[in-house]
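Here are my notes for your first look at this chain. Keep the view open and check each point as you read.

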Amino acid sequence: MLNKLIEFSLKNRFLIIILTFILAVAGFISLSKLSIDAFPDTTPVQVQINTVAPSLNPLEIEQQISFPVELAISGLPKLKLVRSISKFGLSQVVVIFEDGTDIYFARQLVMERLQSIELPQNTPQPTLGPVATGLGEIFHYLIQSNTHNLTQITTAQNWIIKPQLRMVSGVAEVNTWGGFEKQYHVLIRPEFLVKYQLTFEEIFEALERNNRNIGGGIITPHEGEAFLVHGLGLVSSISEIENIVIKAIDGIPIYIRDVANIEIGHEIRRAAVTANGKGEQVLGLGFMLMGENSHIVTQRLKNKLKEAQKSLPSGMTVELVYDRTELVDAVLNTVKKNLFEGALLVIAILFIFLGNLRAGLIVALAIPISMLFAFNAMLYFGIAGSLMSLGALDFGLIVDSSVIMVENNVHCLSTQDQRSRLNIVRDASIEVRKPTMFGELIIMVVYLPILFLEGVEGKLFVPMALTVIFALAGSMILSLTLMPVLCSLFLQKKVKTKDPWLIRILKWLYRPILYLALRFRLLVIIGAVALLIFSGWVATRLGSEFIPRLEEGALVVNTVRLAGVSLEESVRYGTRIEKTLLNEFPNEIKNIWTRTGTPEVATDPMGLEVSDIFITLKSKKKWKRATSQEELVILLSRTLQGLPGMRSAFTQPIEMRVNEMIAGIRTDLGIKIFGDDFDVLVQLSEQVEDILKKTYGSAELVTEQLTGQPVLQIRIRPDDIARFGISRDDVLLAVECIGGRKIGEIREGQMRFALVTRLQKQYRQNPQAIKGILLRTVDGKQVLLEKVADVELVEGPTVISREWGRRRIVVSCNVRDRDVGSFVTEVKKRINKELKFPPGYSVDYGGQFENLERARLRLTIIVPIALILIFILLYTTYNSVRDAMIIFTGVPFATIGGVLALYLRGMPFTISAGVGFIALSGVAVLNGLVMVSSIRKLLEERNTLDNAITEAAESRLRAVLMTALVASFGFIPMALATSVGAEVQRPLATVVIGGIITATMLTLIVLPVLYSFFGKADNCEQKS
């Protein structure tokens, strides 16, 4: 079949060229439509269920909302994990499904279950979070004004900017963080309720009855006419609210204004934003729909934001502070630079070794066409162009099959064959058709096991493996079709008697080395085995991490203060930190803003004591105090250490969101302790924290605050309310009005604002004022709240985290100056040795370490499978176990170079490096394949074993070196790159380059020695 394909291509040369041109055009179109992002999206399929109850404390949130929601969700198909957070005013339940579950199917299942939940009266129904992932938060902007207050700015964000941005295609949600959400407040005076013998319930009913529109159907006053009847009763101003009649006493109406003051207020604040040391501002966040192109959606948002700004009131401006396209462009520039430089190096090697400019150009043409073929396949299979999918491509591997095809054509056309050029090219192409195809197939087979990686590592590396396989498949097809056609059209018949000058020099150097190796065979084998053992020992000294930390060009500082801190104090402290960092690092920091608490849509639930400080960085060329992001983090950390009452941990925007969405943990390691009693959980967490402090490498240690939230508890005394003739509901309604009760809404054109009843400010300033709230007894007398209820300050939970229905506390930390793997191993040993958990309490480990453990376990399964597949292919080729084993020795000897390269560069073993070792095994086997094939061919021609080995080694020197050099040189730019996104590429490239060096040494020196020991010489003639 391969012969017919080559012959068909040569008979229809111009058809092949036209088809290739069509393929290229389709590739360019696919590239323009390809989804582009900085990194693959590793977040799981999850649904957030948010329920806002503005006045409830964490314990009531857990009991009244989180627990019933968890109970309703349990038992869903394909359910993987359920966890929840209960904070002041907010319940968030996160439901994680198995990978591959359709997100809209998952949301439908959740919505169906939520319909059956009965929540407390006046609690809003649960809502689902946006259809976005950890990479969805792509857009941050600040709305600023010197002439407008925060209420006006928030109103402009919610009713002018937000509706326009939500119209943008690909946007899942536009969120508001900080500011004051406008409300109409009815501030009740309890003493006047007593005076007019009114209850809170009567106020609520009056407001509800007098604030609505209603439909009256249709009337037909005349034949052929119909009028719609519309009753208008909505209030639209403060004066209209004041004039609502509650009831009449002896014909005298009692108005709302008689018992309450009406004013413009704001919702109970659960969040605030400060920026650039200038105090409070309003932050808008744009979220991208799952599966959209972040580069395109961000650009659409930028364009729409410019339009929306024209609609803002005079004096109000918008500043864009975080834009994902900057990161995407930086990463893509890194990828483009590395690919371009790698391609140039590969082409240079081809020109030098082939010694033929036209042949080099023909082979080089395989690079862009193979990539265009890959783009078509990526678009079809829904693979986004990213650092991982495009950044790990090596053009040296891609052109291997074309190199073999064109090199043999050059060789055959340089002989004294008198046939036509077309016939020579046909026979030359058919001669190497099997090695051509086998060379690409063996590398594709090596990459196949990567497709079986799961979880985060699967989402990171499967796109890379598929892209490489697509490019190799394209290259293989081109080598059997386009390459012979181009050789027949552009290569000339030109007899050459000499190799290129470089090859002659290399052969001159290689002959004595090969002679000495064959003379001292045992010594060579002992040395190779010793080197293998030494590399194995070095491998045990390497640390381990999941993947290198990707530099995003932005930082996030997670800060935690004491529980119970007010929002105003958090704002003051955030502004102070911003000013400090801007003064200390003016050349490094571009923008800095602080997010405290929970935004309008609870995509990132935090307490008032928790803040995230976002820092966007200037170009490294402008930096003066640091040379790398890691060094800058250390300096920033030292600056913040001097600030009292706060603990901080450093991360990055995408890294933080992805870690939090995967495990609910924002750091490298999170130790989760499960149990029921808060006091026991806190005690155990303190012991774990002590262990972490004493373990070398721990940094930015933070224990989740479970307790410490001051709670003013108002406990009704049943006997006293019975004596005064007061119902529990009367007391509870008064307590509810401290925080506010929503009664309805006020419309201002298209804008709508909540109508809320609250107590006058003097009744909610402090515990003593609350004790003085007046209640009406059954006989119309006044009684103080403290006469019927105990008002006391107690300590309650700050946040209640649950996983699979069990309460948990998390002790988290980052790891510095040490690999994560050895750090966690030591921590586990110490916890098992030093801690004893009471019955019903357990510990689990999460964070980046969790991913490392799973990936490492998976690699121990898939790597042997890859090696077995390689061996099966080798055996199929030669039908000889002995020859397959000799070639297969290239795999362990190639790992020598990979391990030593990692050690010399001070890199730990990562999953990225593990993928490098998998790729390396394919290249290592190819070199041995070239050498053994030549030896077997010479043996079939009745050569002696020694002559066959030396002649094959010398004649295949160019092929072996060229295969090795194009593969390794293609990775050199990746190994040396320091720009954004290069962190993941470096270990992979380092392993391949180091491994190819030792694999080439094996092929040229050790493999001939092994074949002289174990090779079969049945066809050899005896030396005379």
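This is a predicted model: local features need pLDDT of at least 70, side-chain atom pairs count only at pLDDT 80 or more; totals for chains, interfaces and linings use all residues.

The points below go from the whole chain to single residues.

1. **Overall build.** The chain has 1024 residues, and 57% of them are buried. Its secondary structure consists of 37 helices and 30 strands. Along the principal axes, the C-alpha atoms fill a box of roughly 135 × 85 × 55 Å.

2. **Contacts and surface.** Take the contacts between residues at least 6 apart in sequence: 80% of these join residues at least 24 apart. The chain exposes about 43500 Å². Carbon and sulfur atoms supply 57% of that area.

3. **A nonpolar patch.** Which residues form a nonpolar patch on the surface? They are Phe8, Leu15, Ile18, Leu19, Phe21, Ile22, Val25 and Ile29. Together they have about 750 Å² of accessible area. Helix H2 (residues 13–33) gives the largest share, seven residues. Phe8 lies in helix H1 (residues 2–11). Its relative accessible area is 42%, so Phe8 counts as partly exposed. As background, an α-helix has 3.6 residues a turn, so residues three or four places apart point the same way. Look at the spacing of the patch residues with this in mind.

4. **Gln197.** Check the backbone here. Phi of Gln197 is near 55 degrees, a positive value in a residue other than glycine. Gln197 is found in the loop between helix H6 (190–195) and helix H7 (200–209).

5. **Asp250.** Phi of Asp250 is also near 55 degrees, and again the value is positive in a residue other than glycine. Asp250 is found in the loop between strand E10 (245–249) and strand E11 (252–255). The relative accessible area of Asp250 is 78%. The cut-off for exposed is over 50%, so Asp250 is exposed.

Key. Residues are numbered from 1 along each chain as its sequence is written. Side-chain values use heavy atoms; hydrogens and water are left out. Patches are made of residues with over 30% relative accessible area and no salt bridge: like charges are joined within 9 Å, nonpolar side chains (Val, Leu, Ile, Met, Phe, Trp, Tyr) within 5 Å. Accessible areas come from the Shrake-Rupley method with a 1.4 Å probe; for residues, only the protein chains shown count as cover. A salt bridge is a side-chain nitrogen of Lys or Arg within 4 Å of a carboxyl oxygen of Asp or Glu. Helices (H or I, at least four residues) and strands (E, at least two) are DSSP runs, numbered from the N terminus. Buried means under 20% relative accessible area, exposed over 50%, partly exposed in between (1.4 Å probe, protein chains only). Contact means heavy atoms within 4.5 Å.
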